[in-house]
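Please consider the model shown below.

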Amino acid sequence: GMTYETLIVEQHDAVTLVRLNRPQALNALNSQVLADLIAAFAAYDGDASQRCLVLTGSEKAFAAGADIKEMSDQSFAEMYGANFFGGYDRVTATRKPFIAAVSGFALGGGCELAMMADFIIASDTAKFGQPEIKLAVTPGMGGSQRLVRAIGKAKAMEMCLTGRMMDAAEAERSGLVARVVPAAELVDEAMKTAKAIAGMAPLAVLAVKEQVEAAFEMTLSAGIRFERRLFHGLFGSADQKEGMAAFVAKRPGVWTGT
Ligand code: CO8
């Protein structure tokens, strides 16, 4: 497999496990991390044997934000000219599912990276926050948009204006995370969930992801029409015939991805 400077990437059957690995900087996201993530996600997307991806950090930190030391001296011309961190659009462009498994700090860009995932599973030690305001800047990797959609205006605005952290219990209550599990079980639980998704019919998995994402981009009536058309379209797949026949025969379905 490929090796990366800032990531540890493993394939476990049909699941890719990606660990952020800059422990000396609490996994702060610098340009090398972004380059490595782009490459790892492109490899995942292009490998038909891989059906779900788990992105995690360490027990202490998922990621403590964009790398402040790398950004601090940059000018407007450098940031805007290079479209600094615009490359995260290539991470979110993957059509296949991706789960963030978050333990410890998920701050600033770390919280924003977690929110790029299809959903977040958190350990009971997870702490989410958008502390950029304390550095006299703002969220810059989608936080002001995705946090509002995830937890609503009141909590999102409060978090971005004060920089306060939200613990795992509040994150679950607020809808930011799908589930909270004990820290020691986080990666196992996320991998188990990923394996379950990886065992579903691949075309249906792609379609579900497109449908749910459409809910954030479309009007309700357009989104419902889009959903229905994808549903109709799956009746052109062999796996739909197999899935429904298997149900009637009371046996597990066997998918071909066609
Ligand atoms: N960037 C660079 N280095 C960092 C970062 C970071 N975000 N976070 C931690 N580190 C480094 C520390 O500098 C320290 O390094 P050293 O040992 O060389 O001094 C090492 O990691 C360990 O950190 P601490 O000693 O601070 O560990 P503590 O346990 O005392 O504190 C905290 C942990 C509370 C997480 C603390 O490290 C902290 O507050 N970190 C910064 C959090 C933050 O402000 N994050 C937001 C950054 S800005 C951002 O993410 C913008 C995103 C949008 C960019 C998009 C551009 C378009």
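Which residue follows α7, and is its phi positive or negative? The residue after α7 is G163, and its phi is positive, near 75°. The model is a predicted one, in which local features need pLDDT of at least 70 and side-chain atom pairs count only at pLDDT 80 or more, while totals for chains, interfaces and linings use all residues. Residues are numbered from 1 along each chain as its sequence is written, and side-chain values use heavy atoms, with hydrogens and water left out. Helices (H or I, at least four residues) and strands (E, at least two) are DSSP runs, numbered from the N terminus.

Helix α7 (153-162) has A156, M159 and C160 among its residues, and these three are buried (under 20% relative accessible area, where exposed is over 50% and partly exposed lies in between, with a 1.4 Å probe and protein chains only). They cover an arc of only 90° around the axis, so they lie on the same side of α7; the arc is that of the directions from the helix axis to the C-beta atoms. An α-helix has 3.6 residues a turn, so residues three or four places apart point the same way. The buried residues of α7 pack against β8 (127-129), α6 and β9, with contact meaning heavy atoms within 4.5 Å. On the face turned away from this buried side, α7 carries the exposed residues A154 and L161.

Helix α6, residues 143-151, has G143, L147 and I151 buried. Viewed down the axis of α6, the buried residues fall within an arc of 20°, and they therefore line one face of the helix. The partners against which they pack are α5, α7, β9 (166-167) and α8 (168-174). Just after α6, G152 takes a positive phi of about 90°.

Two loop positions follow. Q50 is located in the loop between α1 (31-46) and β3 (52-56). Its relative accessible area is 1%, so Q50 is buried. Residues up to four places away in sequence not being counted, Q50 touches Q11, D13, A14, V15, T16, Y44 and K96. M200 is placed in the loop between α9 (186-198) and α10 (202-214). With a relative accessible area of 47%, M200 is partly exposed. Apart from neighbours within four places in sequence, M200 is in contact with V205 and W255. The C-alpha atoms of M200 and M71 are 42 Å apart, and 129 residues separate the two along the chain.

The ligand has 24 residues around it, of which K60, A64, A66, I68 and G109 come nearest; a residue counts as near if one of its heavy atoms lies within 4 Å. Polar contacts here are pairs of N or O atoms within 3.5 Å. A polar side-chain atom of K60 is 2.8 Å from an oxygen atom of the ligand, and an N or O atom in the side chain of K69 is 3.0 Å from a ligand oxygen atom. A polar backbone atom of A64 lies 3.0 Å from a nitrogen atom of the ligand. Of the 1100 Å² of accessible area that the ligand has on its own, the protein covers 65%, by the Shrake-Rupley method with a 1.4 Å probe. Two or more residues of the shell come from each of α2 (68-71), β6 (105-107) and α5 (109-116), and α2 gives the most, with 3 residues.

How values were computed
Polar contact = N/O pair within 3.5 Å; in protein donor to acceptor, adjacent residues only side chain to side chain.
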